[in-house]
Amino acid sequence: MIEVEIVAYDPSWPERYRALAALLSDALGTRAIAIDHIGSTSIPGIAAKPIIDIQVTVTDFDPFDELR
């Protein structure tokens, strides 16, 4: 059985997202079209898994190794 932890909303989640998004933006440069905070931690005030979900949209997957 997999246990999933749900915790009360943490007001630090948006800032944690912004810090991670800045790192991704620096690493990907202009290849990143959008970096979005998604999932339950992106909704203010609700309980959620304490994992910051981020969706990155890139211009192209080639060369893929550079994205990894």
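**Before you start**

This is a predicted model, in which local features need pLDDT of at least 70 and side-chain atom pairs count only at pLDDT 80 or more, while totals for chains, interfaces and linings use all residues. Residues are numbered from 1 along each chain as its sequence is written, and side-chain values use heavy atoms, with hydrogens and water left out.

**Stop 1: helix α1**

Select residues 13-28, which make up helix α1. Helices (H or I, at least four residues) and strands (E, at least two) are DSSP runs, numbered from the N terminus. From its first C-alpha to its last, α1 reaches 22 Å with 16 residues, close to the 22 Å expected at 1.5 Å a residue. The expected span is 1.5 Å times one less than the number of residues.

Now colour Trp13, Tyr17, Ala21 and Leu28, the buried residues of α1. Buried means under 20% relative accessible area, exposed over 50%, and partly exposed in between (1.4 Å probe, protein chains only). Looking down the axis of α1, you find its buried residues within an arc of 65°, so they line one face of the helix. That arc is taken from the directions from the helix axis to the C-beta atoms. Turn to the other side of α1 for Leu23 and Asp26, which are exposed. After α1 comes Gly29, with a positive phi near 60°.

**Stop 2: a salt bridge on the helix**

Which residue forms a salt bridge with Arg18? Select Glu15: the closest N and O atoms of the two are 3.1 Å apart. A salt bridge is a side-chain nitrogen of Lys or Arg within 4 Å of a carboxyl oxygen of Asp or Glu, and the structure holds one. Both residues lie in α1, three residues apart, about one turn of the helix. Arg18 counts as partly exposed because its relative accessibility is 46%, and Glu15 is partly exposed at 44%.

**Stop 3: an aromatic pair**

Show the side chains of Tyr9 and Trp13. Rings of Phe, Tyr and Trp (its six-membered ring) pair if their centres lie within 6.5 Å; planes under 30 degrees apart count as stacked, over 60 as edge-to-face and the rest as tilted. The count by this rule is one aromatic pair. Tyr9 and Trp13 form it edge-to-face, with 5.3 Å centre to centre and 85° between the planes. Is Trp13 buried or exposed? Trp13 counts as buried, at 1% relative accessibility, whereas Tyr9, at 25%, counts as partly exposed.

**Stop 4: Thr41 and His37**

Go to Thr41, in the loop between β1 (32-38) and β2 (53-58). At 1% relative accessibility, Thr41 is buried. Its side chain makes a polar contact of 2.9 Å with the side chain of His37. A polar contact is a pair of N or O atoms within 3.5 Å; within protein, one must be able to donate a hydrogen and the other to accept it, and residues adjacent in sequence count only if both atoms are side-chain atoms.

His37 lies in strand β1 and is buried at 18% relative accessibility. Not counting residues up to four places away in sequence, Thr41 touches residues including Tyr9 and Trp13. Contact means heavy atoms within 4.5 Å. Leaving aside neighbours within four places, His37 is in contact with Trp13 and Tyr17, among others.

**Stop 5: Ala47**

Finish at Ala47, also found in the loop between β1 and β2. Ala47 is partly exposed, at 44% relative accessibility. The C-alpha atoms of Ala47 and Tyr9 are separated by 4.8 Å, with the two residues 38 apart along the chain.
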